[in-house]
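Morning, everyone. Please have a look at it first.

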Amino acid sequence: MNSSSKLLIGLIAAGGIVLLVTLLLPSSIAPTWVKIVQPALLLAASVLAAVNARSYRSDLRFAFALLAGFLLLYGLLNIEPFNDQAFAWLTDSYFRWLFVYQLIDYTFLLGSCFFVIRSIMLTRMTMITWLSAALTAALGSAVVWTAIPTYDQLTSINGDAANIYLVIRIFDALVITALVPVVAIYIENARSHQKESASFVTALAGVIVGLGFVYIYELATGDTLLDISANQIMTGSLLDAMYVLGYWVIGAGLAAHWLNHRLAFADLDRILEPAV
């Protein structure tokens with residue numbers, strides 16, 4: 001087991017501790033903790049994704065660079081003072097600008113998914129990975145379909161907010177549908193590319209958890225996303241803890257991936273070093 005593998009295991013274990021801390025903090029402290037930790041983790045992951053992008057000269061270079069852009073914009077959106085100031089400046093047009101902001105942000109993420117998928121080539125997909133894609137697509141369709149009643153209610157109140165609500169669900173469903181079979185492919189090929197697969201899969205799994213758990217939570221509880229957002233977001237709830245864990249896991253995977261590349265280059269330098 002090399003240093004990158006040890007780092008990955010250690011960071012994932014630390015992520016479990018962070019999850020428990022988020023759940024066990026008293027209600028007077030938990031909201032402040034969540035408001036600080038979530039954007040901090042997203043911004044740190046953005047830096048790590050940008051650093052990883054420099055290690056490649058292929059599709060994965062674009063994949064990591066676009067992921068860095070998504071995480072940066074997503075992290076800024078999670079900074080409460082930044083969001084409050086934007087609302088104060090934009091007032092009635094806030095939701096319209098937020099809609100444009102989210103479209104740009106998710107364009108980065110969907111572009112990252114495109115380059116990840118192109119880098120592995122669909123011809124490498126087995127029956128298991130095609131099945132995982134089909135099941136994930138079915139779940140994504142259910143997530144979008146269950147949003148229609150709430151979307152109709154929101155349309156009569158604020159059309160821009162309704163569009164954000166529906167479009168983000170569609171984008172999240174598309175991203176998860178794209179990434180789950182990628183994770184399955186990397187797991188299937190883990191024997192031949194164990195170190196790189198483990199760290200990369202960890203980062204992708206963090207993206208899936210960070211984007212998708214809320215919809216599983218919604219389907220399981222029967223509450224609408226609006227009710228969940230009003231009563232459970234930024235309170236130290238299980239949902240908050242899973243967001244924190246998802247963002248932590250993204251950073252853990254990216255950090256281990258970067259270290260693995262550093263070690264690979266160091267090994268190559270030793271091999272190519274002329275004998276003295």
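A definition before the count: rings of Phe, Tyr and Trp, the last taken by its six-membered ring, pair if their centres lie within 6.5 Å. Keep in mind that this is a predicted model.

With that rule, how many aromatic pairs does a search of the whole structure find? The search gives 12. Take F62 and F115, a stacked pair with 5.1 Å from centre to centre and 25° between the planes. They count as stacked because the cut-off for that class is under 30 degrees. F62 sits in helix α3, residues 59-77, and F115 in helix α5, so this pair ties together parts that are 53 residues apart in sequence. Buried or exposed? F115 counts as buried, at 16% relative accessibility, while F62 is partly exposed, at 47% relative accessible area.

The next pair is F213 with Y217. Here the ring centres are 6.1 Å apart and the planes are at 35°, so this one is tilted. Both residues belong to helix α9, residues 194-221, and being four residues apart they are separated by about one helical turn. F213 and Y217 are both buried.

There is also a cluster. Ring pairs link F70, Y74, Y106, F171, Y243 and Y247.

Two of those names, F70 and Y74, come back with the charged residue, D105. Where is D105? It is in helix α5, which covers residues 94-120. Leaving aside neighbours within four places in sequence, D105 is in contact with G69, F70, L73 and Y74. D105 is buried and has no salt bridge. The nearest side chain of opposite charge is R169, and that is 17 Å away. What does the side chain of D105 reach? It reaches the backbone nitrogen of Y74, at 3.4 Å.

Now the chain as a whole. The secondary structure comes to 11 helices and zero strands. Of the 276 residues, 45% count as buried. Among contacts between residues at least 6 apart in sequence, 78% join residues at least 24 apart. The accessible surface is about 14,300 Å², and carbon and sulfur atoms account for 70% of that.

Methods. Residues are numbered from 1 along each chain as its sequence is written. This is a predicted model: local features need pLDDT of at least 70, side-chain atom pairs count only at pLDDT 80 or more; totals for chains, interfaces and linings use all residues. Side-chain values use heavy atoms; hydrogens and water are left out. Helices (H or I, at least four residues) and strands (E, at least two) are DSSP runs, numbered from the N terminus. Buried means under 20% relative accessible area, exposed over 50%, partly exposed in between (1.4 Å probe, protein chains only). Lys and Arg count as positive and Asp and Glu as negative; His and the chain ends are not counted. A salt bridge is a side-chain nitrogen of Lys or Arg within 4 Å of a carboxyl oxygen of Asp or Glu. A polar contact is a pair of N or O atoms within 3.5 Å; within protein, one must be able to donate a hydrogen and the other to accept it, and residues adjacent in sequence count only if both atoms are side-chain atoms. Contact means heavy atoms within 4.5 Å. Rings of Phe, Tyr and Trp (its six-membered ring) pair if their centres lie within 6.5 Å; planes under 30 degrees apart count as stacked, over 60 as edge-to-face and the rest as tilted. Accessible areas come from the Shrake-Rupley method with a 1.4 Å probe; for residues, only the protein chains shown count as cover.
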